Amino acid sequence: MISRTIQKKLKSIASAIVLSIAMSGMALATVEWNAGMTSEYIWRGMSQGKGAAVSGGIDISGDSGFSAGTWVSNIDFGDEATYELDLYAGYSMGPISLGYIYYAYPDGEELDFSEVSISADIGAFSIGANILADADWGADFGDDVYYTVDTGFTASEGIDISLHLGFYDYDASDEETDYGISIDFESGFSFAVIDSSRDDSDPYFVISYAIGG
C-alpha cells in the first residue's frame, strides 16, 4: 500500500513532468520505450539487489529540447522495498543538458530522494554532476554530489566500447570512486566489468540485454 505522502510526491513529480512538456510548446515529436534484463542491477558501483533484474521505461522528447520519462526496475535492499520507480524531466541546449530525477521506492520506508543534474559534451567526453536535491532521510540540498566522466568509441562494426568514471562526494561519509567498462553489441547484448573503491567491493561482471523502439 503506497502511503499518502508518497502518493502526493509522485503526483507532484508527474504533474511537473506534464507541465514541463506543456510549457515547452512542443508537439510530442518522439515517444520511445525500452525494456531490459541484467544479471545484476549496478548503480554507481553499488548492487541494487543480488540476482537478475528486469526493467522498462518510456521517454518523450521534442524539438524544443525538453524531455521527460519514467523507468522502473526490481530491487532488493534486504528490507520491504521491492522496486524502484524513477520519474525525470530535462532540457538540452546543444552540448549542455539540465535535468531533474526523482527516485521513488513506493513499498520502502524513507528511501525516496531526488537530484538535479547538469552535464556537458566536450569532444568525445561527457562530464556531469548529479546534486542531491531532497531526501526522505533528512539530507539537505547539495549534501551529496556525484561527478561523472564518460566516453566511448566504436571498436568494430556493431561493437561499441563505453568507459565510465564516477566520484561520489558524500557529506556524511567517505568519498567513493567507481569505474567500469562496457562492451555493447548491436544486437542489444552488453557485457560490463564494474568496480569501486569500497573496501568490501569485488568487481561485478554483468551481462545485460536491452530492446527499445
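The legends below describe close-up views of charged side chains in a predicted model.

**View 1. Arg-44 and its side-chain partners.** Arg-44 is found in the loop between strand E2 (42-43) and strand E3 (46-47). Its relative accessibility is 10%, so Arg-44 counts as buried. Glu-115 forms a salt bridge with Arg-44, with 2.8 Å between the closest N and O atoms. This pair links distant parts of the chain, 71 residues apart, with Glu-115 in strand E8 (residues 113-122). Glu-115 is buried, as is Arg-44. A polar contact of 2.9 Å also joins the side chains of Arg-44 and Tyr-168.

**View 2. The salt bridge between Glu-40 and Lys-50.** The closest N and O atoms of Glu-40 and Lys-50 are 3.7 Å apart. Glu-40 lies in the loop between strand E1 (30-38) and E2, and Lys-50 in the loop between E3 and strand E4 (53-61), so the pair ties together parts that are 10 residues apart in sequence. Glu-40 is buried, with a relative accessible area of 15%, whereas Lys-50 counts as exposed at 65% relative accessibility.

**View 3. The salt bridge between Glu-176 and Arg-198.** The side chains of Glu-176 and Arg-198 meet at 2.6 Å, N to O. The pair links distant parts of the chain, 22 residues apart: Glu-176 belongs to strand E12 (residues 176-185), and Arg-198 to the loop between strand E13 (189-196) and strand E14 (204-212). Glu-176 is buried, with a relative accessible area of 18%, and Arg-198 counts as buried at 16% relative accessibility.

**View 4. A negative surface patch.** Asp-76, Asp-79, Glu-80, Glu-109 and Glu-110 form this patch. Asp-76 lies in the loop between strand E5 (66-74) and strand E6 (83-93). Asp-76 counts as partly exposed, at 45% relative accessibility.

Technical notes: Residues are numbered from 1 along each chain as its sequence is written. This is a predicted model: local features need pLDDT of at least 70, side-chain atom pairs count only at pLDDT 80 or more; totals for chains, interfaces and linings use all residues. Side-chain values use heavy atoms; hydrogens and water are left out. Patches are made of residues with over 30% relative accessible area and no salt bridge: like charges are joined within 9 Å, nonpolar side chains (Val, Leu, Ile, Met, Phe, Trp, Tyr) within 5 Å. Accessible areas come from the Shrake-Rupley method with a 1.4 Å probe; for residues, only the protein chains shown count as cover. A salt bridge is a side-chain nitrogen of Lys or Arg within 4 Å of a carboxyl oxygen of Asp or Glu. Lys and Arg count as positive and Asp and Glu as negative; His and the chain ends are not counted. The place of a charge is taken as NZ of Lys, CZ of Arg, CG of Asp or CD of Glu. Helices (H or I, at least four residues) and strands (E, at least two) are DSSP runs, numbered from the N terminus. Buried means under 20% relative accessible area, exposed over 50%, partly exposed in between (1.4 Å probe, protein chains only). A polar contact is a pair of N or O atoms within 3.5 Å; within protein, one must be able to donate a hydrogen and the other to accept it, and residues adjacent in sequence count only if both atoms are side-chain atoms.
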